[in-house]
Amino acid sequence: MAILNPDPTGNLAWKAAWQSPIFRWKFILGLLGTLALLLTFPWFFQTIERHKGPVLNDWVLNQLPPQDVSLGIFLIIWATALLLIFRARRSPAVFMMFTYGYIIVSLSRMLSINLVPLDPPVGLIPLIDPISNAFYGKTYITKDLFYSGHTSSIFLMFLCLRRWWDRLFALVGSLIVGSLLLVQHVHYTVDVLGAFVFTYPLYWLGKQFALSGWNNVETSPNQKTPINQK
């Protein structure tokens with residue numbers, strides 16, 4: 001006999017989490033931190049566009065004639081984002097992990113972009129992403145290079161998702177997005193590889209803060225493992 005999920009919308013998980021004062025202040029702090037980042041992004045990206053740096057001789061890019069694959073990058077990233085939003089609707093832990101992971105990754109990128117200023121790759125084709133570009137300001141940004149924000153964002157989604165098929169979809173999407181960014185010459189190879197290297201430890205750090213101090217055990221018909229043990 002099939003086991004029915006008594007809480008298909010995830011309301012009970014959110015209600016249980018909200019009873020914890022620690023969860024409440026972390027939730028509010030996470031929202032305020034994300035909002036502050038989004039408001040800061042236009043100024044930051046316009047500022048780094050005035051920086052000067054070297055143009056790297058990238059062997060991989062030299063083998064790839066630049067092509068506009070913006071549509072594929074956009075569809076994969078935002079399809080994964082919609083999946084994450086859908087899962088977070090039933091899981092406060094997924095929401096909190098991504099929120100704090102995103103804040104820490106974004107701050108890390110702001111630091112690394114300043115510490116490693118680079119001029120854009122030869123043959124760069126502007127990436128058309130109407131959602132992400134809305135936070136860049138009026139000028140198209142070409143110098144937010146090391147490390148890749150698009151790659152780190154979708155890889156962070158992979159790390160935060162819990163279901164096997166969700167994670168497979170996001171992981172494959174991460175690899176495809178990283179490859180397409182190189183095809184479009186939006187990033188150097190080191191930018192894409194750096195996104196994978198840096199995002200995991202920063203996700204782990206955000207997860208420890210996001211999930212500590214409140215009851216984040218969530219169950220489903222086929223899963224009864226505390227989410228912070230995965």
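## The aromatic cluster

Begin by selecting Trp14, Trp18, Phe23, Phe27, Phe95 and Trp214, which form one aromatic cluster. Rings of Phe, Tyr and Trp (its six-membered ring) pair if their centres lie within 6.5 Å; planes under 30 degrees apart count as stacked, over 60 as edge-to-face and the rest as tilted. The model is a predicted one, in which local features need pLDDT of at least 70 and side-chain atom pairs count only at pLDDT 80 or more, while totals for chains, interfaces and linings use all residues. Residues are numbered from 1 along each chain as its sequence is written, and side-chain values use heavy atoms, with hydrogens and water left out.

## The whole chain

Helices (H or I, at least four residues) and strands (E, at least two) are DSSP runs, numbered from the N terminus. Of the 230 residues, 48% are buried, where buried means under 20% relative accessible area, exposed over 50% and partly exposed in between (1.4 Å probe, protein chains only).

The unreviewed UniProt entry places the feature "transmembrane region" at residues 27–45, 69–86, 93–111, 145–161 and 168–188; such annotations may be inferred rather than shown by experiment. Select residues 69–86: this span is 94% helix and 0% strand, with its end C-alpha atoms 26 Å apart. Residues 168–188 are 76% helix and 0% strand, and their end C-alpha atoms lie 25 Å apart.

Move to Ser20, in the loop between helix H1 (11–18) and helix H2 (21–48). Ser20 is buried, with a relative accessible area of 15%. Leaving aside residues up to four places away in sequence, Ser20 touches Gly213 and Trp214; contact means heavy atoms within 4.5 Å. The C-alpha atoms of Ser20 and Asn215 are separated by 7.7 Å, although these residues are 195 apart along the chain.

## Two aromatic pairs

The structure holds 20 aromatic pairs. Select Phe155 and Phe196: their ring centres are 5.0 Å apart and their planes stand at 75°, so the pair is edge-to-face. Phe155 lies in helix H6 (residues 149–160) and Phe196 in helix H8 (residues 189–211), so the pair ties together parts that are 41 residues apart in sequence. Phe155 counts as buried, at 10% relative accessibility.

Trp164 and Trp165 also form an edge-to-face pair, at 4.8 Å centre to centre and 85° between the planes. Both Trp164 and Trp165 are exposed. Trp164 is found in helix H7 (residues 164–183).

## Salt bridges

Three salt bridges are counted, each being a side-chain nitrogen of Lys or Arg within 4 Å of a carboxyl oxygen of Asp or Glu.

- Select Asp166 and Arg87, whose side chains meet at 2.6 Å, N to O. Asp166 in helix H7 and Arg87 in helix H4 (residues 70–88) are 79 residues apart, and both are buried.
- Select Asp144 and Arg109, joined at 3.8 Å, N to O. Asp144 is in the loop between helix H5 (92–115) and H6, and Arg109 is in helix H5, 35 residues apart.
- Select Asp119 and Lys143, with their closest N and O atoms 3.3 Å apart. Asp119 is buried at 17% relative accessible area, and Lys143 is buried at 11%.
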